[in-house]
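Please read the numbered points beside the coordinates.

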Amino acid sequence: MRIGLIGTGRIGAFHARVLSRHPEVGALVVADADAARAAGVAAVIGATAAPAVDDVFAWGVDAVVIASATASHAELIARAARAGLPAFCEKPIALGPAATLGALRAVEAAGTPLQIGFMRRFDTGYRAAREAVRDGRLGRLHTVRAITSDPAPPPAAYLPLSGGLFRDCLVHDFDILRWVTGREIVEVYATGADGGAPMFREAGDVDTAAALLTLDDGTLATATATRCNGAGYDVRMELSGERNQIAVGLDDRTPITSTEPLGPPPAGSPWPGFLARFAPAYEAELDAFVRLARGAIGNPCDGREALRALCVAEACELSRRERRPVRPDEIEQTARAAAAR
């Protein structure tokens, strides 16, 4: 199989290394708006560097992996669909529901598969949690707590392009919460704090956020995130039911210290970031995409999943700004009505 990869930044370079080692990938073509960067990545992994993104589509690839800047995702998804190519795209499809719907319409019209990069669905811990919920081991689920904490803020130039903490970071929690529980998020109430560096306020963003989420069966969930967790990268989920409770992401590298005399010792080597913590999950999702492109499996995470998670993130941002509960359905209905006009 011949795969074209667009975008060779941090995550794109990681994906390129994974794909270059995949036994079903016979040839890998990489491209970037920065042609020199693409050439550098290609030289290290033995791939072919295309002079421009257009060449990826002109050189007869069998599938496309999109890891470029967010602003280009929707256009590249639509372009791959028109070319009849299966596509994998890092989240988000776009920073807003309207542009997301536009890309999804192109995919639906072409009938091509689009897999979205919500890698937590391929993490061993989250998959085990999903099984525990689905087979009834926890009994009636009543509370879920999701945590995402980055060890340090991103560069200031990234913040205005990111879409904000809810869309950029917590959207992963919204997706995995839906996937693990099998329920939809029907109402949110969210808030945020910007007590950190001035760059967050200048970007209209927050460095720390919390959301109270109500699921469609009445289960309550909280989701919190921060860019300023000096102890290390911390991503966890706790699920509590009437019979039992479990935790995802609690291991000897979790950057948390117990104050109890008999508590576990501090992590000797805390997780430094998302690529280290989720490396096996990233590899598994790309393996799934290769099999999807070959027609061997169904789509494990299609574009509609991205739309639903984004609408929750949009609802949280609106709730934060207007200090009121918001239903994600309101966001999606408004976007669909606008698109129909």
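1. Strand β8 (residues 185–193) pairs with β9 in the antiparallel sense over eight bridges; strands are DSSP runs of E of at least two residues, helices are runs of H or I of at least four, and both are numbered from the N terminus. Two strands count as paired if DSSP finds at least two bridges between them. Gly192 has Ala209 of β9 as its bridge partner.

2. The model is predicted: local features need pLDDT of at least 70 and side-chain atom pairs count only at pLDDT 80 or more, while totals for chains, interfaces and linings use all residues. Residues are numbered from 1 along each chain as its sequence is written, and side-chain values use heavy atoms, with hydrogens and water left out.

3. Strand β9 (residues 208–215) has a covered face formed by Ala209, Ala211, Leu213 and Leu215. Its uncovered face holds Thr208, Ala210, Leu212 and Thr214. In a regular strand, side chains alternate between the two faces of the sheet.

4. β9 also pairs with strand β10 (residues 220–226), in the antiparallel sense over seven bridges. Thr214 stands opposite Leu220 in β10. The hairpin of β9 and β10 has four residues between the strands, and Gly218 takes a positive phi near 95° there.

5. The largest pocket holds about 1400 Å³ of space. Of the 50 residues that line this pocket, Arg10, Ile11, Tyr158, Asp168 and Phe274 are the closest to its centre. Two or more lining residues come from each of α1 (10–21), α4 (73–82), α7 (159–162), α8 (165–181) and α10 (274–277). On a 1 Å grid over the protein atoms alone, a pocket is an open set of points with protein on both sides within 12 Å along at least five of seven lines, a cavity is a set where a 1.4 Å probe fits but cannot get out, and lining residues have an atom within 4 Å of a point. A volume is the space filled by probe spheres set on the points, which are joined across faces, edges and corners.

6. The second largest pocket holds about 230 Å³. Of its 14 lining residues, the closest to the centre are Leu250, Asp251, Thr254, Ile256 and Pro264.

7. How many cavities of 30 Å³ or more does a search of the whole structure find? The search finds two. The largest has about 50 Å³ of space, and its lining comprises Lys91, Pro92, Ile93, Ala94, Thr100, Phe118, Val171, Ala306 and Leu310.

How values were computed
Buried means under 20% relative accessible area, exposed over 50%, partly exposed in between (1.4 Å probe, protein chains only).
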